[in-house]
Amino acid sequence: MAGRGKLIAVLGDEDTVTGFLLGGVGELDKHRRPNFLVVEKETSLAEIEEAFRGFLSREDIGIILINQFIAEMIRHAIDAHNKSIPAVLEIPSKEHPYDASKDSILRRAKGMFTAEDLR
Amino acid sequence: MAPAEDRGPTEICEELDQTILHLFDVLELLQTKRESFNSLVEQGWFSLSKSRYAMGNKCVSALQYGHQMKPLVRVDTRKKEEGQVEFHVVSEGADTSKPKVEKTATVEEIGPSDQVLRRRKGTGKTDAPIQPEEEISQPAEKSGKQDPLTWFGILVPQSLRQAQKTFQEGIRLTAEIASLQSEVETTRRRYRALLEEKRQISAKENVPEQL
């Protein structure tokens, strides 16, 4: 499976997931396990976190796309992930534009420079 | 990379400067890619909304997703030095080698069940269930690779096709963004390591001065 390339997982609102599935990223494997989760108003935080951790543990997933407002809900889980694969990409959603100051990767890069280091 | 003893503070400081400059270049590129990705996604949503207007509100929703999905795009990962990973989008479709292997696997699985059916041959209905199984498996493989556009109908509006194209372009950019993010992380780690090295060297140099 690794030789054939990895999947792109999507965790987001209906429009984001629909768009990326139209693009051809969707997969239902033989156990009918999806590589996406449509987050609706009634989706609980536990479900989101479980889906995210499930994607992280899957070896066939290379990139996880997650709406930034959902990433904010499970920020602790995203900050704890420090492996290169799968890469976690925070993307905007219809109601919430992308804010670079909230992005985990950019916040880490910003944290490189402390006053002590620049002496 | 030269061993720590060979390098003086000047060399390390120069390398630190180079690393920071490289990081800024990568961050700038990342921001540019992010902006184009965000505008593509916005265009995609707009096209999806136009399709909803044309087809009806419930015709473009999660309820329409196919029952079988096979990815049409995958990402190829290549590990570079210092743990950096490069992502490349690979379109599926030309790859037909794997389904053949899966076919042979299903034939092997049928073997024992065939034996079980042979024991019941007295009923005279053994051939009937085997044939539909083969018939079902072939269309399933074909339909698994179907264009996601067909979930929403056969004659879909142009705006939905436009949305698909836009999101496909977006997917290509995600691989580039993921590669850049990995580069930012690697550069950050290299910077921290160099800074630590610099601290150790300056600590060694400061000790004799104090004595």
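Trainee: Where is A:A80 placed?
Mentor: A:A80 sits in helix α4 (residues 75-80) of chain A. Helices (H or I, at least four residues) and strands (E, at least two) are DSSP runs, numbered from the N terminus. This is a predicted model: local features need pLDDT of at least 70, side-chain atom pairs count only at pLDDT 80 or more, and totals for chains, interfaces and linings use all residues. Residues are numbered from 1 along each chain as its sequence is written, chains are lettered from A and ligands numbered from 1 in the order written, and side-chain values use heavy atoms, leaving out hydrogens and water.

Trainee: Is A:A80 buried or exposed?
Mentor: A:A80 is exposed, at 56% relative accessibility. Buried means under 20% relative accessible area, exposed over 50%, partly exposed in between (1.4 Å probe, protein chains only).

Trainee: And how far apart in space are A:A80 and A:S104?
Mentor: They are 9.9 Å apart, C-alpha to C-alpha, and 24 residues apart in sequence.

Trainee: Switching to chain B. How do β1 and β2 pair?
Mentor: Strands β1 (residues 73-79) and β2 (residues 85-91) of chain B pair in the antiparallel sense over seven bridges. Pairing takes at least two DSSP bridges. B:V73 stands opposite B:S91 in β2(B).

Trainee: What about the residues between the strands?
Mentor: There are five, and B:E82 takes a positive phi near 60° in that hairpin.

Trainee: How exposed are B:C13 and B:C59?
Mentor: B:C13 is partly exposed at 28% relative accessible area. B:C59 is partly exposed too, at 31%.
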